[in-house]
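Me: Hi! I have a structure to go through and would like to talk it over. Could you look at it with me?
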Amino acid sequence: MITPSQIRAARSLLGWTQKDLATRCDLSQVGINRLERGTSDPRSSTLRVIQAAFEQEGIVFINEENFE
């Protein structure tokens, strides 16, 4: 699953605000903010929706386990 830091980095690469991401994923901006700060425990389905939104824009996530 993607991490809060990966979400922030992907948003930055795309020039998206938290509101942009929330709109594309049909989530709340407050929820995105809490997720990025690590103050919420998101469902895996929520993380998959967020990751899919980024992947549709060409962002590729690499599993860190592949580098150990």
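Me: Let's start with Thr46. Which helix is Thr46 found in?
Reply: Thr46 is found in helix 4. Helices here are DSSP runs of H or I with at least four residues, numbered from the N terminus. A word on the source: this is a predicted model, where local features need pLDDT of at least 70 and side-chain atom pairs count only at pLDDT 80 or more, while totals for chains, interfaces and linings use all residues. Residues are numbered from 1 along each chain as its sequence is written, and side-chain values use heavy atoms, with hydrogens and water left out.

Me: Thanks. What does Thr46 touch, not counting residues up to four places away in sequence?
Reply: Leu27 and Leu35, where a contact means heavy atoms within 4.5 Å. As for Asp20, 26 residues from Thr46 along the chain, the two C-alpha atoms are separated by 16 Å.

Me: How far apart are the end C-alpha atoms of helix 4?
Reply: They are 18 Å apart, which agrees with the 18 Å that its 13 residues (44-56) should span at 1.5 Å a residue. The expected span is 1.5 Å times one less than the number of residues.

Me: Which residues of helix 4 are buried?
Reply: Leu47, Ile50, Gln51, Ala53 and Phe54 are. Buried means under 20% relative accessible area, exposed is over 50% and partly exposed is in between, with a 1.4 Å probe and protein chains only.

Me: Where do they sit around the axis of helix 4?
Reply: They are on the same side of helix 4, because they cover an arc of only 155° around the axis. That arc is taken from the directions from the helix axis to the C-beta atoms. In general, an α-helix has 3.6 residues a turn, so residues three or four places apart point the same way.

Me: And what covers those buried residues of helix 4?
Reply: The cover includes helix 1 (4-14), helix 2 (18-25) and helix 3 (29-37).

Me: On to the core. How many residues does the largest nonpolar core have?
Reply: It has 15, and those with the most contacts inside it are Ile2, Ile7, Leu21, Ile50, Phe54 and Phe61. Helix 4 gives the largest share of this core, four residues. A nonpolar core is a set of buried Ala, Val, Leu, Ile, Met, Phe, Trp, Tyr and Cys residues joined through side-chain atoms within 4.5 Å.

Me: What is Leu21 in contact with, leaving aside neighbours within four places in sequence?
Reply: Its contacts are Ile7, Arg11, Trp16, Ile32, Ile50 and Phe54.

Me: Arg11 is in that list. Which side chain does Arg11 meet in a salt bridge?
Reply: Glu36, at 2.5 Å from N to O. Arg11 lies in helix 1 and Glu36 in helix 3, so the pair ties together parts that are 25 residues apart in sequence. The rule for a salt bridge is a side-chain nitrogen of Lys or Arg within 4 Å of a carboxyl oxygen of Asp or Glu.

Me: Are those two buried or exposed?
Reply: Arg11 is buried at 14% relative accessible area, and Glu36 counts as buried at 5%.

Me: How many salt bridges does the count come to?
Reply: Two. Glu57 also forms one with Arg24, the closest N and O atoms being 3.8 Å apart.

Me: Last topic, the rings. How are Phe54 and Phe61 paired?
Reply: Their aromatic pair is tilted, at 6.1 Å centre to centre with 50° between the planes. Rings of Phe, Tyr and Trp (its six-membered ring) pair if their centres lie within 6.5 Å; planes under 30 degrees apart count as stacked, over 60 as edge-to-face and the rest as tilted. Both Phe54 and Phe61 are buried, and ring pairs link Trp16, Phe54 and Phe61 into a cluster.

Note on methods: Helices (H or I, at least four residues) and strands (E, at least two) are DSSP runs, numbered from the N terminus.
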